[in-house]
Amino acid sequence: MAEFLPLATIQEMYKQQTGDVFPLVVTITDATFGAPLHLTDTAVERLSTEPLRYGFRGTYDYVFAITALLLPDLKPGSPIATMLVIDNIEADYRSQLAGASDPRVSIAMVMGSQPATLLYPRTGLYVTGRIYDEESITLAVSNRRTQGHGGENVLDPFIKHRQTRSVSPGLHR
Amino acid sequence: MAVAWPYNLPLDFDVSGFSLTRPEGRLRSPMSQGPAKVRRVTTAAPMLVSASLTLTTAQAALFERFHDEALLGGIEPFTLSDPRYHGKPMIHSSGLPMLTGGGVPLLISKQWLARIADAVPQQSAVSGELYRYSLQLEIMP
């Protein structure tokens, strides 16, 4: 695992043209899951015909089911946080995620030509908010647990401890 | 297994209505000046094919049944042979067909996994007994 990108990867990403793909891969684990969910945001190849599934073959078969995901960046002093939208829902994803008690999410970038190397891995992220609708499941993930237990505003990026006297004394005059 | 194209429905696409667009899996980023940067964002993009079939009344009915029942109205993927290459002899770089030890030509086998793309099949009448179906297919990677 690499926290800093290898020079060869950076060169490949930023050169005039590249034939390599850079999928983001997500692994969701929970004590209630029989096996971890491996998902990706990029269709690289057909994984199976029945059912028709696309995805990325790396260390695992990552299923193409994520429509929106930004790799969370590392800013000193601020939590790692991002949101991911899982589309292409299969019924078992929904029931699995709905029944998950304390899921943990790992996100990493992979270079298509080096599928076993996870780049910028973010592991052990907590799910701080979930929205289920007919079309998709949205998960907010962070390396910090939110205060309280699943309030409606957990997807709000506002961090409660910033309102405390020690962090923001001007609010408490 | 995906549904197969009906064996009793000829797959002779009209030459005039056939066009094929290669899969688009690139992301081109224009620069403020100079040539654009281009990269691959997916290696599994569908290929688009427009084709038309001229069918007799009985064949048209067969196609409609295939579309409505087997494909559930154009939802399910199906397999069909690639009309460009399937069944044609393999040609050596010298221009001669490649043969088995027994002198039988080696033929190409190429199957597509396809779905009905954005537009549903469109029927028009050619003559009293002939209909033309315009199809837009996406060939799945």
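Tutor: Let's start with A:T42, which lies in the loop between β3 (37-40) and β4 (45-48) of chain A. Keep in mind that this is a predicted model.

Student: Why is A:T42 called buried?

Tutor: Its relative accessibility is 8%. Buried means under 20%, so A:T42 counts as buried.

Student: Which residues does A:T42 touch, leaving out those up to four places away in sequence?

Tutor: In chain A they are A:P23, A:L24, A:G55, A:F56 and A:F64, and from chain B come B:V41 and B:T42. To count as a contact, heavy atoms have to be within 4.5 Å.

Student: How many residues are in contact between chain B and chain A?

Tutor: On the chain B side there are 16, and they meet 18 residues of chain A. The two chains bury about 1400 Å² between them, with 50% of that on carbon and sulfur atoms. In chain B, the residues that lose the most area to chain A are B:K37, B:R39 and B:R40, together 32% of what that side buries.

Student: Which element gives the largest share of the chain B side that touches chain A?

Tutor: That's strand β4 (residues 37-40) of chain B, with four residues. The whole chain B side splits into 11 nonpolar, two polar and three charged residues.

Student: What makes strand β1 (residues 17-18) of chain A and β4(B) a pair?

Tutor: Pairing takes at least two bridges. Here there are two bridges, in the parallel sense, so by that definition the strands pair. A:T18 stands opposite B:R39 in β4(B).

Student: And what about β3(B) and β4(B), parallel or antiparallel?

Tutor: Antiparallel, over four bridges. For instance, B:R28 has B:V38 in β4(B) as its bridge partner.

Student: In which order do the three strands form the open sheet?

Tutor: The order is β1(A)-β4(B)-β3(B), and the pairing is mixed.

Student: Why do β1 of chain A and β3 (26-29) of chain B stand at the edges?

Tutor: Each has a single partner strand, so one side of each is left without a neighbour in the sheet.

Notes. Residues are numbered from 1 along each chain as its sequence is written. Chains are lettered from A and ligands numbered from 1 in the order in which they are written. This is a predicted model: local features need pLDDT of at least 70, side-chain atom pairs count only at pLDDT 80 or more; totals for chains, interfaces and linings use all residues. Side-chain values use heavy atoms; hydrogens and water are left out. Buried area is the accessible area (1.4 Å probe) that two parts lose on being put together, summed over both. Ala, Val, Leu, Ile, Met, Phe, Trp, Tyr, Cys and Pro count as nonpolar, Asp, Glu, Lys and Arg as charged, and the others, Gly among them, as polar. Buried means under 20% relative accessible area, exposed over 50%, partly exposed in between (1.4 Å probe, protein chains only).
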